[in-house]
Amino acid sequence: MGLLELFILAVGLSMDAFAVSICKGLSVGRVRPVHMLTAGLWFGGFQALMPFLGWLLGSQFEALITNIDHWIAFVLLVFIGGNMVKESRSEEEHQDGSFSPAAMLPLALATSIDALAVGVTFAFLRVDIGPAVAFIGVITFLFSAAGVKIGSVFGAKYRSGAELFGGCVLILIGAKILLEHLGILG
């Protein structure tokens, strides 16, 4: 997986966190830098941790399923992307304005579950996990911090578009992986 593909994947994965950050920014009266930093650290940290955990899990089973790894990567990414596209059409949920650990932990966990599955695919694709998770974490940090500010300025009208974009990106990456392994893309 090249740097451009990793960047596109990181952007796609960060869209859930970005959408939630927009809602958080909308829910607080006056956004301060600490709000942006808090959202960035929670979401970026979990988006880095979860693919690492998925990679550890996938590494344990890599030898058993190496012949079908591209199909697994394809199915997981299309499933995750499809769920993001579906969520982009759902009603907006109300976010409270709290940035406490009790409020942020479940949000960070919920927005990073898809990154766990992507981490499993990283094991099959033999991705260098350290730089990959650091890159994903930094991209998500930046998008989340910006999302809080954007939410306070523009409101929630971009939430569904961000989730739709992220889901489509993951589906396209899954298709590319499959087509490369089938020899259709070179």
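1. Basis of the values. The model is predicted, with local features taken at pLDDT of at least 70 and side-chain atom pairs counted only at pLDDT 80 or more, while totals for chains, interfaces and linings use all residues. Residues are numbered from 1 along each chain as its sequence is written, and side-chain values use heavy atoms, with hydrogens and water left out.

2. Confidence. The mean pLDDT (the predictor's confidence in each residue, from 0 to 100) is 83 for the protein, and 87% of the residues score at least 70. Helix 6 spans residues 159–181.

3. Fold. There are six helices and zero strands in the protein. Helices (H or I, at least four residues) and strands (E, at least two) are DSSP runs, numbered from the N terminus. The pattern along the sequence is α-α-α-α-α-α. Of the 186 residues, 47% count as buried; buried means under 20% relative accessible area, exposed over 50%, and partly exposed in between (1.4 Å probe, protein chains only). A contact here means heavy atoms within 4.5 Å. Among contacts between residues at least 6 apart in sequence, 94% join residues at least 24 apart.

4. Annotated segments. An unreviewed UniProt entry lists residues 35–56, 68–85, 105–125, 132–154 and 160–179 under "transmembrane region". Positions from UniProt are given in the numbering used here, feature names are shortened, and annotations may be inferred rather than shown by experiment. In the model, residues 35–56 are 100% helix and 0% strand, with end C-alpha atoms 32 Å apart. Residues 132–154 are also 100% helix and 0% strand, and their end C-alpha atoms lie 31 Å apart.

5. Phe 46 and Ser 112. Phe 46 is found in helix 2 and Ser 112 in helix 4. Ser 112 counts as buried because its relative accessibility is 0%; Phe 46 is buried as well, with a relative accessible area of 16%. Leaving out residues up to four places away in sequence, Ser 112 touches Phe 46, Gln 47 and Met 50. With that exclusion, the contacts of Phe 46 are Pro 51, Leu 105, Ala 108, Leu 109 and Ser 112.

6. Ser 144. This residue sits in helix 5 (residues 129–154). Ser 144 counts as buried because its relative accessibility is 0%. Not counting residues up to four places away in sequence, Ser 144 touches Ala 17, Ser 21, Ala 39, Gly 40 and Phe 43.

7. Ser 152. Helix 5 also holds Ser 152. Ser 152 is partly exposed, since its relative accessible area is 31%. Its contacts, not counting residues up to four places away in sequence, are Gly 25, Leu 26 and Val 31. Val 31 is 121 residues from Ser 152 along the chain, and their C-alpha atoms are separated by 6.7 Å.

8. Arg 126. The loop between helix 4 and helix 5 contains Arg 126. Although not a glycine, Arg 126 has a positive phi of about 55°. Arg 126 counts as exposed because its relative accessibility is 57%.

9. Cavity. On a 1 Å grid over the protein atoms alone, a cavity is a set of points where a 1.4 Å probe fits but cannot get out, and lining residues have an atom within 4 Å of a point. Grid points are joined across faces, edges and corners, and a volume is the space filled by probe spheres set on the points. The count is one cavity of 30 Å³ or more, and the largest cavity holds about 30 Å³ of space. Its lining consists of Met 1, Leu 9, Leu 77, Val 118, Thr 121, Phe 122, Leu 125, Ile 173 and Ile 177. Helix 4 (101–125) and helix 6 (159–181) are the elements that give two or more residues to this lining, and helix 4 gives the most, with four.

10. By class, the lining of the largest cavity has eight nonpolar, one polar and no charged residues. Ala, Val, Leu, Ile, Met, Phe, Trp, Tyr, Cys and Pro count as nonpolar, Asp, Glu, Lys and Arg as charged, and the others, Gly among them, as polar.

Definitions and conventions:
1 Å grid on protein atoms, 1.4 Å probe; cavity = no way out; pocket = protein on both sides within 12 Å on 5 of 7 lines; lining within 4 Å.
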